[in-house]
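Please keep the sequence and the model at hand while going through them.

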Amino acid sequence: MSSPATQTPAGNATTTIVAAATPRGHGGIAIVRLSGPRALTIAERIFHGSQRLGDSPRLVQYGHFLDANQGRIDTGLAWYMQGPRSYTGEDTVEFSSHGSELVVELLLDAALAHGATTAQPGEFTQRAFLNGRLDLLQAEAVLDVIQAGTRQDLSNALGATSGRLSQQITHLREMVLAATVQVEADIDFADEDIDPASRQHVSSQLTSAMELLENLRQGYDGARERGSGWMVLLTGPANVGKSTLLNALAHEERAIVSATPGTTRDWIDARVIWGGELLRLVDSAGLRVSADEVEEEGVRRTQALAKEASVVAFVVDGSQGWPCEDANRTALGLAQILVLNKCDLGVVAKVPEEVQEGKVVVEISARTGEGLERLQEALMSALPRSQDRRQGIFRKRHDELLSGCEASLGRALHVLAREPEKAAADLQESLRQLASLLGEEVEDMVLDRIFQEFCIGK
Ligand SMILES: Nc1nc2c(ncn2[C@@H]2O[C@H](COP(=O)(O)OP(=O)(O)OP(=O)(O)O)[C@@H](O)[C@H]2O)c(=O)[nH]1
Ligand SMILES: [Mg+2]
C-alpha cells in the first residue's frame, strides 16, 4: 500500500460527505459516517459528550445528538478518526445511534445543515483509493467482501482487501518489467552481441509470468456465483413434490403446494446457509409436455436453469414407476442427484441403470422429513470442491485485463528472438494492463463504474 501521507486528496476531497453506513429500516443500531476536512467540526456541532471528540481521537464516547436547532435527536456513541489514519485517509467521524430510520434521517439532515454533502455510492471507498489507502484491486475487494456468498469467496475477497492479489500482480509486474528492461537494453546491440543466456533468462521469466497469469485467471469461473450463493435446482416431473421439498429444506412456506400437476409455473428460490455456504435453492416448473403456453415457458426456463445451476437434483415420485417422459431428458442428463420422494407411500420407482450412472440416489419424504438430512449432505457434497474454486480474481475487468496481458506476453515471447522491438512494444502493453489492474492508469469513467456498484455509505 502506498503511503497515504504523500498523496494529494483528489476528487471531491474538499467536501465533507455524509451517509448512513447501515441499511435503511429498523434495527438495533444504525451508523452514520462523515468524512472530509470538516468532519470533526460538523460532528462536534451535532454530538455532545463529556469530552470534545477532537480531544479524544480513536476513543468511543457516549453522548447525545442535536439537530441544527439544538433539538435532541437521540443518545448514542461517536468516535473520531483523524486522517490519514482512517478508512478514507481523511478525518472521519462515525455516529452510532438507535437503529431508527427517523433518527438516521435527522442525523443526516443535521450534518447537511452544518455543511456536509450527501455521499455518492462507494464514495468513502473511492476516497480511500484516491488517497492511496487502498489500490483499486483492494477497493474492489471491499465490495466483494460485502457481497460474498460462499466461505471461499469471503476468504478470497478478504485476502484481496489485505493486498494479497495486489502483491501477486505487483510481483508479476516486476517480472515483466525486468524482462522489458533487458529486451530494451538488448535492442541497441547487434544480434551476435547478445548473450544467449540473457535471452534465455528473459524467455523463462516471461513463461513463468504467463503461468502465474493463467493460475490467477483459473479462479475466475469459480467466482461466478459470488453474492448469489451456489444455485441448487430442484427439477423433475410435475406433481412429484418439488415445491414441498423446497419448503421443507428452507423451513418456510415459500412455494405453493397442491395436488394439481402444473402448480409451479415460474421458478421460486429460497436462500439457506449450510455449513457456512450460502445456497440458493430453486424450485421450478414441473417438466412435462403441456398445451398451456405459460407452463411451456416455465418448462423452457427450468431447462435453461439446469445448465446454470451448480447442482441439479432431479426429483421423482418414488411411489410411482420411473417416469419416461422426453421432457425430462436435459435436466436428467445434468443431474448429479436423483431424489425419490414420497417414500412414506412406499418406494416403487426403479432407477434405470443407464440413468443412475454416476449419480447419487436419495430416498426421502418431503412430507414427513425422512431422508432430508441425507439429501442435504448429498447436495453439499455435490458443490464444486474447494480446489475447483481456487483463489484468484473475481471480476470481468480483471479477467479482461489479465487475458489482454497474457496475449501481449505470448506475442512478446513469440517474436523475442527475431523482432525484439516488437517484443518490447508488447511488453510495454502488458505493463499498462497490469497498471490498470492496480488502478494506476485508469480512466475516470472506469472508476465511476466500479464505485457505482457500491452501496451508499461504503
Ligand atoms: N405422501 C406424500 N405426498 C407428498 C410428498 N411431497 C409432496 N407431496 C404431495 O404431492 C403433491 C404435489 O406436491 P408439490 O410440492 O406441489 O409438487 P411439485 O413437484 O412442486 O408440483 P408442480 O409444481 O405441479 O410441478 C401435493 O399434494 C403434496 O402434498 C411426500 O413426501 N409424501
Ligand atoms: Mg411446484
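1. Glutamine 70 counts as exposed, because its relative accessibility is 52% and the cut-off for that class is over 50%. The model discussed here is a predicted one. In this model, glutamine 70 belongs to the loop between strand S4 (61–66) and S5. Its backbone deserves a look as well: although the residue is not a glycine, glutamine 70 has a positive phi of about 70°.

2. Is histidine 251 buried or exposed? With a relative accessible area of 72%, histidine 251 is exposed.

3. A further backbone feature is the cis peptide bond that runs from glycine 83 to proline 84, with omega near 5°. Proline 84 is part of the loop between strand S5 (72–81) and S6.

4. Glycine 159 may be taken next. It sits in helix H5 (residues 151–161). Its relative accessibility is 6%, so glycine 159 counts as buried, the limit being under 20%. Between glycine 159 and serine 35 there are 124 residues in sequence and 26 Å in space, taken from C-alpha to C-alpha.

5. The aromatic side chains come next. The count of aromatic pairs is 5. One of the pairs, formed by phenylalanine 47 and phenylalanine 95, is stacked, with 6.5 Å from centre to centre and 25° between the planes. This pair joins distant parts of the chain: phenylalanine 47 is in strand S3 (residues 47–49) and phenylalanine 95 in strand S6 (residues 92–99), 48 residues apart. Both phenylalanine 47 and phenylalanine 95 are buried. A single aromatic cluster is made up of Phe47, Phe65 and Phe95.

6. Which residues coordinate the magnesium ion (ligand 2)? The donors are Ser243, through OG, and Thr264, through OG1, at 2.0 to 2.1 Å. These two residues link distant parts of the chain, for serine 243 is in helix H8 (residues 242–250) and threonine 264 is in the loop between H8 and strand S9 (268–274), 21 residues apart. Serine 243 counts as buried because its relative accessibility is 9%. Threonine 264 counts as buried because its relative accessibility is 10%. Water is not among the atoms, so the site may look incomplete.

7. Several contacts to oxygen atoms of ligand 1 can be located in the model. For lysine 242, an N or O atom of the side chain is 2.8 Å from an oxygen atom of the ligand. Serine 243, which also coordinates the magnesium ion, has a polar side-chain atom 2.8 Å from an oxygen atom of ligand 1. In the case of serine 258, a backbone N or O atom lies 3.2 Å from an oxygen atom of ligand 1. How much of the accessible area of ligand 1 does the protein cover? On its own, ligand 1 has 660 Å² of accessible area, and the protein covers 93% of it.

Definitions and conventions. Residues are numbered from 1 along each chain as its sequence is written. Chains are lettered from A and ligands numbered from 1 in the order in which they are written. This is a predicted model: local features need pLDDT of at least 70, side-chain atom pairs count only at pLDDT 80 or more; totals for chains, interfaces and linings use all residues. Side-chain values use heavy atoms; hydrogens and water are left out. Donors are N, O and S atoms within 2.8 Å of the metal (3.2 Å for Na, K and Ca); water is not among the atoms, so sites may look incomplete. Helices (H or I, at least four residues) and strands (E, at least two) are DSSP runs, numbered from the N terminus. Buried means under 20% relative accessible area, exposed over 50%, partly exposed in between (1.4 Å probe, protein chains only). A polar contact is a pair of N or O atoms within 3.5 Å; within protein, one must be able to donate a hydrogen and the other to accept it, and residues adjacent in sequence count only if both atoms are side-chain atoms. Accessible areas come from the Shrake-Rupley method with a 1.4 Å probe; for residues, only the protein chains shown count as cover. Rings of Phe, Tyr and Trp (its six-membered ring) pair if their centres lie within 6.5 Å; planes under 30 degrees apart count as stacked, over 60 as edge-to-face and the rest as tilted.
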